[in-house]
Amino acid sequence: MGITISSAFDAGNIRVVGQDGDTFDLEIVKDHLSDFYQWFYFRVAGAAGREVTLRIVNCAGAAYPNGWPDYRACLSVDREEWVRVADTSYDDGVLTIRLTPTADSVWIAYFPPYSMERHHDLIASFAALDGVEYRSLGQSLDGQDIDCLTIGSGPLNVWLYARQHPGETMAEYWMEGALDKLCDPDDPVARVLRTDATFRVVPNMNPDGSRRGHLRTNAAGVNLNREWHAPSADKSPEVLCVRTAMDDSGVDFAMDIHGDEAIPANFLAGFEGIPSLTDRQSKLFKAFSDSLERLSPDFQTAQGYEVPPPGQANLSMSTTQLAERYGCVSMTLEMPFKDNFNLPDPVHGWSPERSRHLARACLDALHAILPQLGEAARV
């Protein structure tokens, strides 16, 4: 039986460009109408018990080449449990994955995938719960709904949104954890949060890129997180419909959930460079960050992005645009594709379950600053 490699499925991405016995040369396909690429997800069939070498040969030109050193690929037999391939190496622009599959059908991915079918299951399961309201905020360029779940009835308006960059699938696993906690009738923190705030949760802002197997862009090849200053119906309807809904509701607190290819840590990026920055915003952001660092050993503040100088924030990004537009506390949470090197897991690396746990800790941190946030909102 010959070995086959395929990716013609929801969120799949790879192409075979060469073969020498059980060694395969592969390339990651660029996002449609874009030069971005880094996400891969494919199946290897017919290789049980055979030593297979998979060489992804175009990694040097990927969006974030610094993401490949110290990275280990993800492997699954059942597409539920994912483990890291220990024999993953990067040299001279080539990512090499060596493995001996235990089954005749195994899946390899950049990070455990989050398909649109799983997304629909997520929406269906939570939309059916008492106290959860579903609505579609609009449609993507491919005609997919931008799903939003509303939870709670309090005066504070909280927005949680993820997967502007579709290849950052840890972000929607984070959403699973957040929704599990928010909808738990027995969780005392969730009960207070639901009483004091109204949560609007958008688990996937880029369904087209997700289904197409993109790293960073939508069906038009547009990076949605550079559209928040001037979203348009023809290029970025996903941002346009979400920002319009935010205009209608107002925003007191917002989290934009992402993954970072290169930095092996969890960290926050804020809004320090916005023109209208206030002490109130800065103090609340720091209070949240400090609370999260106390609550979760998986979160840290030593590593992160460079802070822009005063008045020089990029207002096309959601976190800065929201802070400037609404005077709110907003932030981008970044999780690693590699692992949290301060607290490593040699089997799973950074994983879906750890993403879920971090989401719960984030909601605990929000609860910790609720009195300050509520007071600030009343001023």
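Author: Start with Phe-288, which, leaving aside neighbours within four places in sequence, is in contact with Phe-253, Met-255, Leu-268, Met-331, Cys-362, Ala-365, Leu-366 and Ile-369. Contact means heavy atoms within 4.5 Å. This is a predicted model, in which local features need pLDDT of at least 70 and side-chain atom pairs count only at pLDDT 80 or more, while totals for chains, interfaces and linings use all residues. Residues are numbered from 1 along each chain as its sequence is written, and side-chain values use heavy atoms, with hydrogens and water left out.

Reader: What is the largest nonpolar core, and which residues have the most contacts inside it?

Author: A nonpolar core is a set of buried Ala, Val, Leu, Ile, Met, Phe, Trp, Tyr and Cys residues joined through side-chain atoms within 4.5 Å. Buried means under 20% relative accessible area, exposed over 50%, and partly exposed in between, with a 1.4 Å probe and protein chains only. Here the largest core has 91 residues, and Phe-40, Leu-54, Trp-174, Phe-199, Met-255 and Phe-288 have the most contacts inside it. Helix 2 (residues 170-182) supplies the largest share of this core, eight residues. Another core, of 18 residues, lies apart from it and includes Cys-148, Tyr-161, Val-242 and Val-251.

Reader: How are helices and strands numbered?

Author: They are DSSP runs numbered from the N terminus: helices are H or I with at least four residues, strands E with at least two. In helix 7 (residues 318-326), the residues Ser-318, Thr-319, Thr-320, Gln-321, Leu-322 and Ala-323 are buried. The buried residues of helix 7 pack against elements including helix 5 (237-249), helix 6 (279-295) and strand 17 (329-336). Gly-327, with a positive phi near 65°, follows helix 7.

Reader: Which strands pair with strand 4?

Author: Two strands pair if DSSP finds at least two bridges between them. Strand 1 (residues 4-6) is joined to strand 4 by three bridges and runs antiparallel to it; Ile-5 stands opposite Val-44 there. Strand 10 (residues 105-109) and strand 4 are also antiparallel, over five bridges, and Val-44 stands opposite Val-106 in strand 10. Four of the five residues of strand 4 (residues 41-45) are buried, so strand 4 is largely enclosed by the rest of the structure.

Reader: Where is Asp-147, and which side chain of opposite charge is nearest to it?

Author: For charge, Lys and Arg count as positive and Asp and Glu as negative; His and the chain ends are not counted. A salt bridge is a side-chain nitrogen of Lys or Arg within 4 Å of a carboxyl oxygen of Asp or Glu. Asp-147 is in strand 12 (residues 145-151). Asp-147 is buried without a salt bridge, and the nearest side chain of opposite charge, Arg-211, is 9.3 Å away. A polar contact is a pair of N or O atoms within 3.5 Å; within protein, one must be able to donate a hydrogen and the other to accept it, and residues adjacent in sequence count only if both atoms are side-chain atoms. The side chain of Asp-147 makes one with the side chain of Tyr-134, at 2.5 Å.

Reader: Is Ala-233 buried or exposed?

Author: Ala-233 counts as exposed because its relative accessibility is 55%. Ala-233 lies in the loop between helix 4 (207-212) and helix 5. By contrast, Ala-11 is buried, with a relative accessible area of 3%. Ala-11 is not a glycine, yet has a positive phi of about 75°.
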